[in-house]
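Me: I want to know what stands behind the labels used for this structure. Please set each value against its definition.

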Amino acid sequence: MRSICLYFQVHQPFRLRTYRFFDIGADHYYYNDYQNKRIARRIASDCYLPANEVLLGLINEFGTAFKVSFSISGTAIEQFKKYTPEVLESFKRLAQTGNVEFLAETYAHSLVGLNDPAEFKRQVHEHAATIKELFGVAPTAFRNTELVYSNSIAGMVLDMGYKTMLTEGSKQVLGWKSPNFLYCSAPHQRLKLLLRNYQLSDDLAFRFSQKDWNEWPLTAEKFVSWLNKVEPKQELVNIFMDYETFGEHQKADSGIFGFLRAFPEQLIKTRKWAFRTVSEVSTDLQPVASIDCPHAISWADEERDLTAWLGNDLQQEAFSSLYKVSGIMADCKDADLHRDWNYLQASDHFYYMCTKWFSDGEVHHYFNPYGSPYDAFLNYMNVLSDFLIRVREYAENFPAAIETTNVRKALKATEKPVSKEKNTTKKEIKAGETVIKKPAKKLAVKAKTK
Amino acid sequence: MFGWEFPPHITGGLGTACFGLTKGLLKHGVEVQFVVPKAYGDESQEAVRLINASDVTVMMNDPVFREYWSQITYMEIGSNLIPYVGPEVFEQMVSENINTKVQESSRVFSERFQFSGKYGHDLMEEVARYALVGASIAANSEFDVIHAHDWLTYSAGVAAKKISGKPLVVHMHATEFDRSGENYNENVYEIERKGMAEADRVITVSNLTRNIVIERYHIDPDKVITVHNAVEPPEKTELLDAEKKVKEKIVTFLGRITFQKGPEYFIEAACKVLERDKNVRFVMAGTGDLMEKMIRRVAKLKISSNFHFTGFLKGENVDRMFAMSDVYVMPSVSEPFGISPLEAMRSNVPVVISKQSGVAEVLNHVMKVDFWDVDAMADAIYGLLHYDSLNTMFVTNGTEEVNNLKWESAARKVADIYESVV
């Protein structure tokens, strides 16, 4: 039997509130709680809950014949805990069936793998620990943010003990080769690679409800017939996509849930295909060749490169400014700083600054909470300016900062959840006011001399 | 083509736009006869044959003319009619006019009429008389399409259409609502409405203006087409390096200091930026009826040492001002198009524009804010002064963007519109 591997990415970023330059040094809370909550709840009821329900139903019906793999970013998990605990419960039920594998990734859904090995490893460990705690199983396979992959990332992933990694079946890397086999990394051959079949994946993720597509409407029968048309010698088809495809990108009225229910059933009936999780594929199959990838690839856009996140000057300035403090943050014990450090690394912030969609990509526009990439950049840089001031301050007054953390911990332990947050914010500002002004001036001077 | 002014004798953007458009049309093989009320003799003739309305003889015995005159003479002038003139100039004009008023009605029916070509108190009479000239030219020359720019020339356009039976295209550069807000002049509104109703096609300079035309003038949407303005390529570049005399960054507002241009929002935003960063100077270049009020406001906010008024700037000084600027802001409350941001971008100055301007429809590499959102405006200014890559992006991409806004392509659309009505 040939293998089919379904993998879904679950991610939500902490979107930033409108943060003006005059907030710098004055207000240290950066997130649009209302928007984040609203979106989390909407997607939970439109996508995560009904889609999980369908998957659970399939597992109950077909037992081990149906399996899927997920990766859930750390920020998404935090949002589930905060806004929609029922989603987390629903994922736990899926985990309990034993038919679902959860992969490791960077906690913050970040692009840190491209420039900071130490922080990359820290985030992967933080994520793996979170997954183990939630679902009881430590991840054995890895997928990087947006399937970003290169030889050097492969090395780091193998170092951390992962045997398998996912990436894009990019033409740029594969050349004439087919994505429908198991591969391994050329410089690190013990790391096995599953490559996304972007044709079949995007038929669902992007084209499913496009009425001007000549294959519309896409039925389960049709999709199964396409799978059966795959060259018989090719042993594996990897269908990877955003989990939000179900009910969010493709709305419920497009029939996407009906498809999700019907397609596995029909495929199982053919008795030619077996659903396998990522790690099962990796153990059951043998790599047919190695993949050399000196330059990073991703699953985004026509180019399958990094230009959606790091393609223009804005994105590069924001990205490099952020990682200037990674040395300090490595040793930082302050809980609030650590939270912000994670949240600000999310690749989404850089994606919002992409200027490519001026000419093409409608996709970028659709997912952008900002009116323009310039607005996104401005807002992010204001937030980042404040964050950098706090980090430097922390570094300068290390003992003092520790004390504040302790004070905060004491407050958290003694006070009710609601009043707690207000009090801490007020105290922060009061305590911060006198100290914060100094670095703010320093920063302004620096900007001038540049 | 009926216009009201032509370079170098211009008081607003209308003449520049007409010049750019006629040059563009020439490239598409469209020959233009351009009628102005008063030719000075030194106008650029490279793209057009300029007809001086003052030289045109009008046959007063023709009943059509008499009828036309009787229809338009009743219109009286209102205080909002003078878009590009300050209040003191206006008063002066009015007093001059009282002395000469008596003679004028008799002058109307002489064969030739001396047009002032200015936006003066006897404007309505000039408009009416200009219509007669339009009809006369239409009766005596060969052409395929009549094209009239702004309300001042609409009567001429309509008259020319009636005489010749040729299709009429009217071009809306600014509506009465843009000029006067809700205190609009009904006579002007009526001329605009009638001109557009009679026209075969209405060209608007932005979708913003198109919506006004459809909603406020009830013109059939099918015949209203947006053709965005463009900008002439720069003639000289050496001025771009004009030396800056101060070490602080300079943020500039350049335009008439009137309600329509939103100068007060610029001042409020300046105040917010200065609270944080004193190393910035704000410049308000131009003049207008709100100037004194603005000076008082700046004094009240105690930011006068970093806020400067230059008065009216012209020609080379405008270029110099752009060359000295680090950020250009156009906070217009209502702007049918707004060509000045394009000029700033051409001088490599990053710009902040209001979403309520037509030009926002064609620009990507600019900061767009609501004119009333002073916080966002201040934030955009601050960001442009402090985050280097924003500057780099705007300069590289903005210049390219502006260079792609060619009159040639705008003229192509206009030529297509001509084709559709011939």
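**Labels and their cut-offs**

Reply: A:Glu146 counts as buried, because 21 C-beta neighbours lie inside 10 Å. The label needs 20 or more other C-beta atoms within 10 Å of the residue's own; 12 or fewer makes a residue exposed, in between it is partly exposed, and C-beta atoms are placed from the backbone. This is a predicted model, where local features need pLDDT of at least 70, side-chain atom pairs count only at pLDDT 80 or more, and totals for chains, interfaces and linings use all residues. Residues are numbered from 1 along each chain as its sequence is written, while chains are lettered from A and ligands numbered from 1 in the order in which they are written.

Me: What makes the phi of A:Glu146 worth a remark?

Reply: Phi of A:Glu146 is near 55°, a positive value, and the residue is not glycine. A:Glu146 sits in the loop between β4 (141-143) and α5 (151-159) of chain A. Such helices (H or I, at least four residues) and strands (E, at least two) are DSSP runs, numbered from the N terminus.

Me: Is B:Lys302 buried or exposed, and how do you know?

Reply: B:Lys302 has 11 other C-beta atoms within 10 Å, so the residue is exposed. Phi of B:Lys302 is also positive, near 60°, in a residue other than glycine. Its place is the loop between α10 (291-300) and β9 of chain B.

Me: Which peptide bond is cis, and what is its omega?

Reply: The bond joining A:Trp216 and A:Pro217 is cis, with omega about -5°. A:Pro217 belongs to the loop between α7 (198-205) and α8 (220-229) of chain A.

Me: Why are β9 and β12 of chain B placed at the edges?

Reply: Six strands of chain B form an open sheet with parallel pairing, in the order β9-β8-β7-β10-β11-β12. β9 (307-311) and β12 (367-369) of chain B each have a single partner strand, so one side of each has no neighbour in the sheet. On average, neighbouring strands of this sheet are turned by 20° against each other, direction ignored. Axes here are lines fitted to C-alpha atoms, for helices over the stretch in contact, and angles run from 0 to 180 degrees between N-to-C directions.

Me: How do you know that β7 and β10 of chain B pair?

Reply: Two strands pair if DSSP finds at least two bridges between them. β7 (residues 249-254) and β10 (residues 327-330) of chain B have three bridges, in the parallel sense. They therefore meet the cut-off. B:Thr252 has B:Tyr328 in β10(B) as its bridge partner.

Me: What makes residues of chain A and chain B count as in contact?

Reply: Their C-beta atoms, placed from the backbone, must lie within 7 Å. On that basis, 19 residues of chain A and 20 residues of chain B take part. On the chain A side, α12 (313-323), α17 (373-396) and α19 (417-449) give two or more residues. That side has 10 nonpolar, four polar and five charged residues. Nonpolar means Ala, Val, Leu, Ile, Met, Phe, Trp, Tyr, Cys and Pro; charged means Asp, Glu, Lys and Arg; the others, Gly among them, are polar.

Me: Where are the domain bounds of chain A?

Reply: Domain 1 of chain A is 2-291 and domain 2 is 307-449. The bounds come from an automatic or database domain assignment. Their contact takes 29 residues from domain 1 and 26 residues from domain 2 of chain A.

Technical notes. Two residues are in contact if their C-beta atoms, placed from the backbone, lie within 7 Å.
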